[in-house]
Amino acid sequence: MTTAPVSLSHSLAAPGVPKRVCGTTGLSVCLDAQRFIKFNAVSGIVFLLLGGIAALLLALTRWQAVHLLPAEWFYRLLTFHGINMLILWILFFEVAILYFACTTPLNARLFSKKVAWVSFGLMLTGALMVDYIILAGQADVMMTSYLPLLAHPVFYLGIIFVAVGTLIGVFNFFATLYVAKRDGAYTGSMPIVTFGATAAAIIAVVTLLHGAIVMIPTFTYSMGWTAQPDPAWYRLIWWGLGHQSQQVNVCAMVSVWYLLSHIVLGARPINEAVCRTAFVLYILFINLASAHHLLVDPGVGATWKIWNTSYAMYLAVLASMIHGFTVPAGVEIAMREKGYTRGIFGWVVALPWKNPAFSATALSLVIFGFLGGITGVTLGTQQINIIAHNTLRIPGHFHVTVVGGTSLAFMGLAYYVIPLIFQRDFIFRGAARLQPWLFGVGITMVSFGMSFAGSMGVSRRSWDIDAQGVYGPAAHLWLGVLGIGGVLAFLGLLTFVLLCVGTLFLGKKLENSAMTDWGTPPALAGSQAGSLAQDHYATKGTIVLTCVFLACFAVYYFANWKALADVWPVR
Amino acid sequence: MSLRPLTSPWFHAPAGHEKLWLGLALLWCFVMSLMMPYWHFRGKQNSTGEAYRVQPADFLARTEKFVAANRVGTYKNPLANNPLLQELPIVEPPAGGDAYLTGRMWQWYPALRLRLGETYRLHLSALDLQHGFSLQPLNMNFQVLPGYDHILTITPTSKGEFTIVCNEFCGIGHSNMSGKIFVE
Amino acid sequence: MNDKPKIHPWQKVLDNPWLLLVLGVLIPFLSYTVWGWIELLLVKPAQLP
């Protein structure tokens, strides 16, 4: 009897392709992808821990009453914290998400194991180089490393390796999409989770190309081979890397919202065309807003600033507002179809708040939307930026977007990735249920502390405010809030890391049996899935919440214009 | 469905609540899109980025010339934290004229005395690294780059002693970097 | 069987990741990077009388 030839097809249905069938969902898992999801997710969580330890020390230093670190180490760990959180934790975890999104939902095999190894090897090597050189005191330049500040060449080379490695992983993603379609691994349109991941990958290409364009001449300058690039040019191109990497995060986070609301509640996009168009608006326009880092810069003019910071007339902001409606709307429809129809908000009360993946998603949505989005658009207004640039309001904004938003969503995802991909049930499930709340509350406090201190003029990236003699007790109070929030957020982060690591070593092995459910509201008697598919007015709760959001937005936005009008005329 | 390919037709126009929300959100985006151009023409606070290329040494020389021609006094720093900022010359530009401010590790040089209601062209540049011009307690913030003469056409509309903090990381003395503007 | 359902032109765009990749790279590069770069290249030398 001859064995069937191993097919060269990239469909998971083809014979001989290494795969397994998930014991919980029945979906096929590509074993190559699974291996690299594991490597990248674990690496991400390690860098999250390192960045988190730095965060605690920094928060306890900006809290003036504690003022833990000396100046040199404050600036050093601030550089370390930025790189480990905004680049390493996020990019490694996102590559893991990309490998999932192009395989299981499409029933496809990862394009190439070798390419995945090269990607992972480069990313990890670069990460270790950058972390080493920072801790060795040779790169006290902040994550942004603005010229003429100069770091050791290994700093730039390490970042180049991380960027190129990530780009290779992104190539593996696109190649998988291509061969999946070519080999007929699936028919029809890709699912929304894969579509969102594609948007993230496209933006990642733009990001990483900017990274190469800025870092290569800076590296050659640091080696003494070429002249110094112009500082204003450096800022323009660097933010093409720096902000656009955060837009990758936005896409990935929104994709995770769709994924988790689907896994936990069976939610589906209420209108696929609308949701996908929103992702396309991200693809086309969200990267323009890197300009909001240059709003009070010399050299670039008002027209360039206004057009680009507006995300092309706020079309990419519209996209966020669309997702801000469609994600909760999908949840509301799913709950109402299960029979939770009491009043406008009965479904909210019945949601699985004890399911840590769900609570992380909900917290991520609310924090990102109400706090992150509103402050971001406002601070990124050309003229309002005058009263915000380089103050602590800026970190106050991005700690609720990339931390309270993206990172919290990724933590929620881990509560399913570890059982489904690593095939281990979580230990200490009570602690897991509390963790998203602890982290979410902590980071919200950090953001409030930063934002209020910043609106009183306290600078970001500054070791000591007392040296100037111009900040009063209120500013000190808010820095204290920052400090306490930082401790809580660190505890939330540490809990998450210990839960993950502990589970990987001690969690009950699942071996293709179903994971222990975190909790889903049961379908009530007489309910029917899909019953509201044609009812376009069923989302009463969501429309009320989004209108409340819009009202908050308008109030905050115009309050800031008023605050701007109170300062000296300037042009 | 969110995790499986879509094999049946899925493309249809928005309807109901989602259409309502799209309309509201689009309207809000339109309002926001108008605000910046409106303020550019009718508002008093803008950042147009007016700038010229300059060699740091030339800018410093021009600043020294400005100090020599318009010096009116000396500011002595009561806070003993910054050896580079024990004292600064106080310089008053002519009404409606040009003032020059050099940012360098770790001071804003010189201190300025301005008159209420007069409009000045304030030239900002850096000698060594990037610095952040952050005027407190007004909380007005602008980026200052070596090689660029960043001009702010500015009108003080309040009196008093104002401190220029630096809010762009510029080395170990960064949090001590300070300057002064007195408005009378 | 030759009655394939007509696909809306916008759906054709949504279903084409390669077109989206090209547009997603081109539009930001032109609007943010190239335009910004040109602005900086056009900065004139200072007159310091």
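## Exercises on chains A and C

With 571 residues, a compact globule would have a radius of gyration near 25 Å, and chain A, at 24 Å, agrees with that; the radius is taken over C-alpha atoms, and the rule is 2.2 Å times the number of residues to the power 0.38.

This is a predicted model, in which local features need pLDDT of at least 70, side-chain atom pairs count only at pLDDT 80 or more, and totals for chains, interfaces and linings use all residues. Residues are numbered from 1 along each chain as its sequence is written, while chains are lettered from A and ligands numbered from 1 in the order in which they are written.

**Exercise 1.** Describe the extent and burial of chain A.

*Solution.* Start with the C-alpha trace of chain A, which spans about 80 × 60 × 45 Å along its principal axes. Next, turn to burial: 64% of the 571 residues of chain A count as buried (20 or more other C-beta atoms within 10 Å of a residue's own, with C-beta atoms placed from the backbone).

**Exercise 2.** Work out how chain C meets chain A.

*Solution.* First, the contacts: 19 residues of chain C touch 24 residues of chain A, a contact being two C-beta atoms, placed from the backbone, within 7 Å. Then find the main contributor on the chain C side: helix H2 (residues 17–41) gives the most, with 16 residues. Helices here are DSSP runs of H or I, at least four residues, numbered from the N terminus.

**Exercise 3.** Check the confidence scores.

*Solution.* Begin with the model, which scores ipTM 0.97 and pTM 0.96. For chain C, the mean pLDDT (the predictor's confidence in each residue, from 0 to 100) is 91, and 92% of its residues reach 70 or more.

Definitions and conventions:
Helix = DSSP H or I, 4+ residues; strand = E, 2+ residues; numbered from the N terminus. Buried ≥ 20, exposed ≤ 12 C-beta atoms within 10 Å, placed from the backbone.
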